[in-house]
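Notebook open, structure loaded. I'm jotting down what I looked up, in the order I looked.

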Amino acid sequence: MFRKNIYKGLGLVLLCAAYTACKLPEVAQRAENKNVPAAFNNGAQDTVSTATIQWRKFFTDPNLVNLIDTALKNNQELNITLQDIEIAKNEIKARKGELLPNVTYGVGAGLEKVGRYTSSGAGDASTEITPGKEVPEILPDYKFGLQANWEADIWHKLRNSKKAAISHYLSTVEGKNFVITNLIAEVANSYYELLAADNQLEIVKKNIELQSNALELMKIQKQATRVTELAVRKFEAEVLSSKSLEFDIQQNITETENKINFLLGRFPQSIIRDKANFTDLVPATVQTGLPAQLLANRPDIKQAEYELAAAKLDVKVAKAQFYPSLGISATIGYQAFNPSYLLRTPESLIYSLAGDLAGPLINRNAIKAEYLTANAKQLQAVYDYEKTILNGYIEVANQMSKISNLQKSYDLKSKQVTALTQSIDISNDLFKAARADYFEVLMTQRDALQSKLELIETKKQQLNAVVDIYHALGGGWN
């Protein structure tokens, strides 16, 4: 009766221990929100998206196409990202290998001498052995064989780990696509910035020539006592200011060229481009499609989605650490104290098969910490995924508004440039007729130069806005 109560008590203790081992800490859970508005700010419901156009067809300038093509081959950041993909591939192979038994081989040789006053030695001494066939005092040992260890994946810990590795791999692929879209947009924007600087430099040079002529006119007028030395000095200062601006623009051109060369992974050299007719470039027409299409088109959103999937699987892997694991081990081989006996079967044959079931019972703080950390990372991945979707929508909305407003601004600035260009000739004629003073001529030339530079800047912003919305919609990687 007493022994029966002991068994009942031990069973109750083991049951409580198993319950405690399987009880999980409380954690916060949150499902991701994939809802996006039905349409962008323009209210369009068209499903056609510019993001589906290949970049070679979206950009029509052959010089720009060649630059982008070179960047996609040589850019260091992109090549680093490609190695991330290789690392993720190898991680999948490693996780697959954990599902299979671990088999090793071994070959060994050694010597052993046991003490006479030990259990082994006493046993040898008491054994009756025929003369000439005693066991040697120093006993050699030769062996070879195979050993296998395998963990039965009863809680899908290893399989979920492999799935998480696959999700990480897919995430790195989307990360590479995101680098490609960023690289294409950066090269295109820098190219248009370079064209704009070329045209601004040409305008400044023409303006310097115009201002120099006006300076000579002021000198003649001074000799005729129609103006003072102040007028001559004012126009001379204006010429010097424009020449200083010329060198500033030339420095900007050099830095922009080198920026493009850096993106192309090469040392500084001249960038081939067509400098003419920059203001005649017409920005491409962009179709935004529906906001929901961003989930499939934008690589950064898909990357965040795969990272979220991997984080969820990591939680399952961490959760499985609380449960018992079943391990199976086996060995087979040959062992003998004399090499001539080594391959005798079955005398020298050795084998074993064992299984064990083990799980955490006491002091599980490390496992709890890993589980709680995995869950916290999953929540981070949820927030990051939602943030990426929100950021994508806002980027598209901002660029749509920017394109519209820049077009209106460019139309007005074009009229401003026309009016101020005409006013230069008018102010010169009025000055010669003594109906305007030199200050009006000076300010008219200055305003005309400023308006022309601003017009070039606005055209550049228009072209950049189209590139940016193409990038925001997820175009370029396909």
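I started with burial: 37% of the 478 residues in the protein are buried, meaning under 20% relative accessible area with a 1.4 Å probe, protein chains only. Before going further, I noted that this is a predicted model, where local features need pLDDT of at least 70, side-chain atom pairs count only at pLDDT 80 or more, and totals for chains, interfaces and linings use all residues. Residues are numbered from 1 along each chain as its sequence is written, and side-chain values use heavy atoms, with hydrogens and water left out.

I then counted 11 helices and four strands, taken as DSSP runs numbered from the N terminus (helices H or I, at least four residues; strands E, at least two).

I checked helix 7 (residues 229–263) for length. Its 35 residues should span 51 Å at 1.5 Å a residue, and the end C-alpha atoms sit 52 Å apart, which agrees; the expected span is 1.5 Å times one less than the number of residues. After helix 7 comes G265, with a positive phi near 70°.

On to the strands, which pair if DSSP finds at least two bridges between them. Strand 3 (residues 325–336) runs antiparallel to strand 2 (residues 139–152), with 11 bridges, and Y142 has A336 as its bridge partner. Strand 3 also pairs with strand 4 (residues 349–358), antiparallel over 10 bridges; there I found S329 opposite A354.

Key
Buried means under 20% relative accessible area, exposed over 50%, partly exposed in between (1.4 Å probe, protein chains only).
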